[in-house]
Amino acid sequence: MIGRGSGTALRVGPHGWGAHKTIGAALRAAAPGAVVSVQPGVYAETLVLAGDVALVAEQGPGSVRLTGARGVPLTVTGGTVRVGGLVVEGPGGRAAVRVTGGAVEFEECEIGGGPLEVSGDSVTALRGCRVRATGTAVAVRLSGPGRTELTDVTLDGAGLLAERHVEVRAHGLTVTGAPEDALVLRDGAGGEFTECTLSGAAASAVQVVAGGRPVLLRDCLLADSGKQGVLVTGGDAGRGGPAGPAGARGSATAGPGTGGPVTDRPGAGGAVTDRPAAGFPDPAGAVVLDACRITAGHLGVRAGGPGAGLTLRNCRIEGTGGVGALADDGAVLRMSDCRVSDTKDSGVAVHSRARAALDDCAVTGAGGNGVFATYRAALRLTGCTVTKSTCTAVHLGDGVRAVLRGCVLSDVPQHGIRVGDGALATVEDTRIGPVGMAGISVAGGDLTARRIRVTGAETGIDLTTPHRPLLEGGELTACRTGLLIGADTGAQVSGLRVRNSGELGIRIGERAAPWLIGCHVLDTAGSALVILAGARPRITGTRVTRAEGNGLYAADGAAGELTDCTFGSTDCPAVFAGRDASPVLRRVLIHHTAEDVRLAEGSRAVFRDCRIDAVETSDLPPGSLAAAGTPVGTPESDTGTGTDAGFAPEGERTTVTGGSGPGGGSVAVPVTGDGGATASGEEPLEELLGELRALVGLERVKQDVETMVKLMRLVRRRTEAGLPPPPLSRHLVFAGNSGTGKTTVARLYGRLLAALGLLTKGHLVEADRGTLVGEYVGHTAPRTTAAFRQALGGVLFIDEAYALVPHGQGGDFGQEAIATLVKLMEDHRDDVVVIVAGYPEEMDHFVSANPGLASRFTRTLVFDDYDAEQLAGIVARHAAEHRYELGEGTAEALREHFDGLVRDETFGNGRGARQLFQQMTERHAGRLADLPEPTTAELVTLLPADVPEPEWGEDRRRAPSAGGGYEALR
């Protein structure tokens, strides 16, 4: 409190009875600390106060009017001054009161006609005052570096402007009907405002140019502003202007706009080169709103421009005419425990490289999207609820990076989450639904989703993107279609549970190539798994239970591989394959159904080592059933919860049957003596070694593998005898050119280790750079971990592993994949075998790229190219498998063909032999097409005429070199 004076009391009266006739006269006569008491009346004076004095209305507030004879009626230039109860009226437009220095207190005063101007290093306090400005937007102008306090002050028809590093403390401030902004802080001004009401401003209730002192608004009401409740800008961005375009409404593909249907900006998708900065730091001069309420206006709050920061805690934004909260142009927005409701446009919008973090917030009843982010913005939602918006709950587009954790998204007519071109979303532990379209729609963006639950959607998750989304765990319930993988889309899906689908469980579109591991599809009103033409999915350890349609429907021209899957309790045939459909089903169990398989005419489906149980009618092709002791899926309880796949406890040895992920049951694998099959169905060791020895060529490789088998057999025997094992590294490098049998040997190697009891399953999981490496920061480690996890108990085979360390790209994300892989290999050294494969020279570079790799990959198996004799033998084996025979002279023609090929980087070795066999069958079919009734011998015999000529011609023949390679013959 400013001192009230302790000197002589002087009286001022208009008639001079015992007093001075003018205030000026009394002030000239007053000693320091005097109190000048003014009797009621109107005083046309111009006063300048420069010393310690108190100037008070004797009969209380409003009884004394100071109008000013000329210029500013009241000026304070220094000293300690108290002014109480006066009405000061300026000349209109110009200042009514001006303070340039000193310590000044205004108490229960009324200032009108012109603004109150405070500047310099003065310390000013206003208590219980009212200020009315005529013909100006500013009622109080404060310029620093001083300090001003306002308590229970009312500003009528104009606002407050603070600038030049002034510090403002306001409690109970009321500003009504400002023709522009109600409160403006700029040029370094800041302060604290509590229990203030700012209403009816034509522009902003609060405008702050960031970069100066912090600004805090607590328990304030910001109502009915014409443009926005709060505008925070960085530098000159947006100063004094209206908010730029925000929000999105009216369309599932909405882009920025302020109303009406709009579409994404043309050409905005594609690769993103400028990533927003990680994290959400508080910038200097951040503005904080605590327990405030913002109503009506066009925008609720907006932060715009680099350096602009706005934090809202426990605030309510409601009934705005546009977006509730907007961050753009590189600004930072933080919201916690806030509620945004009933906005006419999107509830929260973030774009143009802005960053927004929302914690425990609720967005309800938005007229556009609940949360809208675009143009390379960064968004984080934690524990938030987004409901009842007119469009999509969370819309992401144009290079946005978004993280959602623990959120609830529901009651929207469009999508729960839409991930547009160039956007990357990480969604974890989030519940979605009911929604009118897709729970999550990925349209050109990328997604990592873990433990997601979608209930009551047209489509649970819809993936159509050139990227490779990752889904781990979660459940899709009561959706028309559970999971939709669009055309040309690759995805990695593990541990997903799809139940009560109204039409389809999982639909895989044309030419899609997803990887599904350990999923469970149950209680489907239509078909559970649908594969369309040209699709090539890999489906492992997946179960289908109770489908009113087919368990698997492979449309005309579909392909793919299904391994260790089960199909049970289907109303239609468990497996249907259309014309030219060529799915390969290995170790599949079909149980408790009327009909196991139905194949359309021309179907090329392949069944290997399958099993049936409680099937009324079986149409499996001859030779499809597994031999005794072959591991196949077993029927399991339908009460699985679909919990997330995880690493088995250290040292625990299990094998998963009928599903290697969530919901898949497991049985223990006992270790028995060499070579014998166990009760759980292990493969006999000698039979596997026989398969190895029967491979064409690869003599050095076969010898190395048998040597390792003998060593590992000894390791196991020493362990069983209680002796320490010798040093052993099971991880291998396979160095060889394309088509030399590396994948085949890797698969056999895993089965051999399983037969020895050194691996629990021995299955093979294939991966490459596309499987392991993400396109964005933070995306690679989860992908690598997911692939590694699927290989536990078996072999992780990384083909073209050298692509993880491209030459001259030290900052490539492949290094992150290698670091993750090395750590996982150490943590689970007894649970998995890792084989890296590629061209010999490139593999040397790969192993030397990381010290951890060199210490773990100490053995290299070299796969030599096949010579002409061996390649001809491979063709002969393919012919025998498909019930063809080589006629007289055909073997010699094959050898001559392979002798005539150039062995360059395009040569496919065994793959080329397989392709040649296919060409021979086509030529054979063309040769027999004109025969009216070919004999059986003609139908199965391949002649030299069916062998095509070498493409390279006689002038470019190659012959084996002394080093085992090939040299050109000119």
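Why is helix H6 largely enclosed by the rest of the structure? Ten of its twelve residues are buried, so the rest of the structure largely encloses H6.

**Figure 1. The whole protein chain, for orientation.** The predicted model holds 970 residues in the protein chain, and buried residues make up 56% of them. Its secondary structure comes to 13 helices and 81 strands. Take the contacts between residues at least 6 apart in sequence: 48% of these join residues at least 24 apart.

**Figure 2. Helix H6, residues 780–791.** The buried residues are Thr780, Pro782, Arg783, Thr784, Ala786, Ala787, Phe788, Arg789, Gln790 and Ala791. Both Arg783 and Arg789 are on this buried list. The length of H6 can be checked against its residue count. With 1.5 Å a residue, twelve residues should span 16 Å; the end C-alpha atoms lie 17 Å apart, which agrees. After H6 comes Gly793, with a positive phi near 90 degrees.

**Figure 3. Helices H11 and H12 in contact.** H11 covers residues 890–899 and H12 covers residues 910–928. They pack at an angle of about 130 degrees, and their axes are 13 Å apart. This angle makes H11 oblique to H12. Their crossing is right-handed. From H11, the contact uses Thr890, Leu894, His897 and Phe898; from H12, it uses Ala913, Leu916 and Met920. By class, the contact residues are five nonpolar and two polar, with no charged ones.

**Figure 4. Helix H12 and its cover.** Which residues of H12 are buried? They are Gly910, Gly912, Ala913, Leu916, Phe917, Met920, Thr921, His924 and Leu928. The cover over these buried residues includes helix H10 (868–881), H11, helix H13 (936–940) and strand S79 (941–942). Ala913, Leu916 and Met920 are buried, and these residues also take part in the contact with H11.

**Figure 5. Helices H2 and H4 in contact.** H2 runs over residues 685–693 and H4 over residues 742–755. The packing angle is about 160 degrees, with the axes 9 Å apart. H2 and H4 are therefore roughly antiparallel to each other. H2 passes H4 in a left-handed crossing. On the H2 side, Leu685, Leu688, Leu689, Glu691 and Leu692 make the contact; on the H4 side, Leu748, Arg751, Leu752 and Ala755 meet them. The contact has seven nonpolar residues, two charged and no polar.

**Figure 6. Two cis peptide bonds, Gly144 to Pro145 and Gly433 to Pro434.** Most peptide bonds are trans. Gly144 and Pro145 are joined by a cis bond, with omega about 10 degrees. Pro145 sits in strand S15, residues 138–151. Gly433 and Pro434 are joined by a cis bond as well, with omega about 5 degrees. Where does Pro434 lie? Pro434 is in the loop between strand S46 (431–432) and strand S47 (438–443).

**Figure 7. Positive phi at His165 and Asp609.** Most residues other than glycine have a negative phi. The phi of His165 is positive, near 65 degrees. His165 is in the loop between strand S17 (159–163) and strand S18 (167–171). Its relative accessibility is 46%, so His165 counts as partly exposed. Asp609 is not a glycine, yet has a positive phi of about 55 degrees. Asp609 lies in the loop between strand S69 (606–608) and strand S70 (611–617). With a relative accessible area of 34%, Asp609 is partly exposed.

**Figure 8. Ser341 in strand S34, residues 339–341.** Is Ser341 buried or exposed? Its relative accessibility is 6%, so Ser341 counts as buried. Leaving aside residues up to four places away in sequence, Ser341 touches Ile317, Glu318, Gly319 and Thr364.

How values were computed
Residues are numbered from 1 along each chain as its sequence is written. This is a predicted model: local features need pLDDT of at least 70, side-chain atom pairs count only at pLDDT 80 or more; totals for chains, interfaces and linings use all residues. Side-chain values use heavy atoms; hydrogens and water are left out. Helices (H or I, at least four residues) and strands (E, at least two) are DSSP runs, numbered from the N terminus. The expected span of a helix is 1.5 Å times one less than its number of residues. Buried means under 20% relative accessible area, exposed over 50%, partly exposed in between (1.4 Å probe, protein chains only). Contact means heavy atoms within 4.5 Å. Axes are lines fitted to C-alpha atoms, for helices over the stretch in contact, and angles run from 0 to 180 degrees between N-to-C directions. Angles under 35 degrees count as roughly parallel, over 145 as roughly antiparallel, 65 to 115 as roughly perpendicular and the rest as oblique. A crossing is left-handed if the near helix is turned anticlockwise from the far one by less than a right angle, and right-handed if clockwise. Ala, Val, Leu, Ile, Met, Phe, Trp, Tyr, Cys and Pro count as nonpolar, Asp, Glu, Lys and Arg as charged, and the others, Gly among them, as polar.
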